[in-house]
Amino acid sequence: MFAGVDIAVILPCYNEEAAIGAVVEGFRKELPQARIYVYDNNSKDRTSAVAAAAGAIVRSETLQGKGNVVRRMFADVDADIYLMCDGDITYDAASAPALIAKLIDDNLDMVVGCRVDSEVAAYRAGHRFGNALFTGFVANLFGNRFTDILSGYRVFSRRYVKSFPALSNGFEIETELTVHALQLRMPIGELNTPYGARLEGSQSKLSTYRDGWRILRMITRLFKDERPLFFYSIIFALLALVSLGLSVPVVMTYLETGLVPRLPTAVLAASTMLLACLALTCGLVLDTVTHGRREMKRLAYLTVPSVGAMLGKRA
């Protein structure tokens, strides 16, 4: 299966001694021709030793945070197809061939393994609600093409990986991965995959509130950076409404008496409207800058052949 395709399995890990051996063995069984990389992110346990004993290529990233590890993996590893998965055995290694086959058959740039849990403990209620909430935000702001934006189980083409800037530091990296594909209008897909509970003795590194707040900040930042005209138009509308609300009584009094007894209110209304116009101007200018930046990212993306083109040349 997948003869002639260079596949790299990349696994970011932090304190996954209890599970990483089984994860490596699972992918070794399903993808025997793939190179399996484990990137240890300052683990305090025997994650690296267990991964190496299982046959993985072990490397390290000293900057803490999943986003930093993904940035390093994407920069260091060269392959035709990349499969990224967490090292906590919650994702189903047996689904890997189907994810890769979908990427190749449909000539896609990213396939996301949507989590279908069979155990209550596998997917906490807070995480489920947060995922639905953030997926809805992203769908409304950037396009409704994903149903699970926070899944850590993904397959990428080479041209996706080598065009991805990777600016995130932590668990908000999945949001950035999703928005990058949406903004460049890449061919993408999803496939349902089983999602299980962690092994006993293994603890989740995801904090519901802290990381949820970081993901929300990332969505807001990407909204501002990728759709600045829309973002600053909202600020313009809010400030303009405040200005109009302040100015109506002043104007009514002036029309009735010919006087402006509320001079501070009049100055505040005029200043607020000036700020509103300044926000709209910023949005117009930044929209032009963002358009040019998006064109550069698209050109970088197009410099790498698609999966179909690469495999067609080798056939």
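**The sheet and its helices**

A: In this predicted model, seven strands form an open sheet with mixed pairing, and their order is β3-β2-β1-β4-β6-β5-β7. The edges are taken by β3 (57-60) and β7 (188-195), each of which pairs on one side only. If direction is ignored, neighbouring strands of the sheet are turned by 20 degrees against each other on average.

Consider next the pair made by β1, residues 7-13, and β2, residues 35-40: these strands run parallel and are joined by six bridges. Within this part of the sheet, C13 has D40 of β2 standing opposite. Helix α1, which covers residues 20-30, packs on the sheet and touches β1, β2 and β4 (81-84), and the direction of α1 makes about 170 degrees with that of β1.

Turning to β5, one finds that six of its eight residues are buried, so this strand is largely enclosed by the rest of the structure. The pairing of β5 with β6 is antiparallel and extends over three bridges, with V112 standing opposite R154 in β6. With β7, in contrast, β5 runs parallel, and eight bridges join the two strands; here V116 has P194 in β7 as its bridge partner.

A further helix, α7, made of residues 173-183, lies across β4, β5 (110-117), β6 (154-157) and β7, and α7 runs at about 45 degrees to β6.

Note on methods: Residues numbered from 1 in each chain as written. Predicted model: local features only at pLDDT ≥ 70, side-chain atom pairs only at ≥ 80, totals over all residues. Heavy atoms only, no water. Pairing = 2+ DSSP bridges. Helix = DSSP H or I, 4+ residues; strand = E, 2+ residues; numbered from the N terminus. Axes fitted to C-alpha atoms, helices over the stretch in contact; angles between N-to-C directions. Contact = heavy atoms within 4.5 Å. Buried < 20%, exposed > 50% of the residue type's maximum accessible area, 1.4 Å probe, protein only.
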